[in-house]
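Here are some notes on how the two chains meet. Please read them with the structure open.

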Amino acid sequence: MEKKIKVLIAKPGLDGHDRGAKVVALALKEAGMEVIYTGLHKTIDQIVNIAIQEDVDIIGLSIMSGAHIPLTRKLMEKLREKGIQDKKVFVGGVIPTRDIEKLKEMGVKGVFPGGTPIDEIISAIKEAQKE
Amino acid sequence: MLNERAKILAEKISSGDEITASRVISMIENGEDIGFEVLSAIYPSTGRAFRIGITGSPGSGKSTIIDRLAISYVKIGKKVGIIAIDPTSIKSKGALFGDRLRLKSAEKVEGIFIRSMAHRGFLGGIAKAALGAECVLEALGKEIIIVESVGVGQTELSISLISDVVVTVLTPDFGDEIQLMKANLLDIGDVVVMNKMDLKGAEEKAKDLTTYLYDIKKENLPIIKTIASRGEGIEDLLSILEEKRKKGIGDDKKKLKELVLAFLREELMGNLERLIEEDPQFDELLKKVEKRNLDPYSLAKTILTSFFKNGRAEECIWKKK
């Protein structure tokens, strides 16, 4: 049986806009991946808990609120704390260009500001999985 | 002969390591040998957890019921595991797991382990992977394991093989008796729940269902009425389930036999199908059938004979992964 890529699409914090997240979740499913969408207003702890229980390969944070730096930092810390930093993190949403490098330095594999073509997201995830 | 790695993983699970437990469930889902070796190590100590299968049409409120039920069990001090099975898209072979979203309260409780599982088109139904997950969750310490499945058909039959009790969830818009019989939903149910009792005409429908169950099926199935969204009726469901749990969970020989046959079907048929499809001869012969130079029955016979005569039967067996 071919291994499926398991992706968690998470909405951390107070951000209430999830149409983008849902569009990506559906597109990844159509691309043959197994996707879990967390729903709104999850804490980083809850997201990490879901990532563990579902044994996902990829964690995708969808953040429209501008709080991507602190939220991502907290996630990366938690992943290290739990010993599951092999799970690859992607961040998407309202991300200013100047923050992309900062996020990558934290260990994020890819950043997808709003408007990134879905195909690019799918390729990036597949590439990251190959590592 | 169990290898060291499998033993270590089994020990980790027994000591409550959720990360390992989750990884081992993935190994079983992916058909990796190590996963089954860990299962061999933990299987002897399983058999005490109470496994509840929840089935019913999409939209009947299964997830809401499970959410409430799980919390009720936690309140009486039980550790709970939930396996939520979602269908895999046949076209894309991907899946979008939506059950967690509806398990709003259960999700917040740290002691409840929730695992989504894709159907992945397993020929033997979902039984193989789900049974593995059940064993792992039991080894992790879960005493109550709830398995939620989707819709009707093969999946439902499989769920009955890996559950100690099956709860079938219906709503007042279930249609008529013929639909029920066709749907097989009641064939495997031990407990029947009529949810959404707040809908118009619900009491009437509940009466119809009762009549159907007693008169036509000649069975004494308890019907629990619920409005899961309000938490009503859940205590009644819990009572009935607890009654059954306390009566004792015996291992049903017939079920076990069916289960093993399901595994075999999956393994042999899955491999056979794949091998035949990869065989260029198959395509040639299919074209003949298209042109009506050969009938489908003869084609099947030809393939099987040439296949087994050419000594390829061994390729149908469990491959080491």
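1. Chain B and chain A bury about 2500 Å² between them, counted as the accessible area (1.4 Å probe) that two parts lose on being put together, summed over both. Carbon and sulfur atoms give 48% of this area. Leu96(B), Phe97(B) and Arg100(B) supply 21% of what chain B buries against chain A, more than any other three residues.

2. This is a predicted model, in which local features need pLDDT of at least 70 and side-chain atom pairs count only at pLDDT 80 or more, while totals for chains, interfaces and linings use all residues. Residues are numbered from 1 along each chain as its sequence is written, chains are lettered from A in the order in which they are written, and side-chain values use heavy atoms, with hydrogens and water left out.

3. In the contact (heavy atoms within 4.5 Å) there are 28 residues from chain B and 27 residues from chain A.

4. The rule finds three salt bridges across the interface; such a bridge is a side-chain nitrogen of Lys or Arg within 4 Å of a carboxyl oxygen of Asp or Glu. One pairs the side chains of Arg100(B) and Glu54(A), at 2.6 Å from N to O.

5. Strand β2 of chain A (residues 34-37) and β3(B) run parallel and are joined by three bridges. Strands here are DSSP runs (E, at least two residues), numbered from the N terminus, and two of them pair if DSSP finds at least two bridges between them. Within this pairing, Ile36(A) stands opposite Phe97(B).

Technical notes: Helix = DSSP H or I, 4+ residues; strand = E, 2+ residues; numbered from the N terminus.
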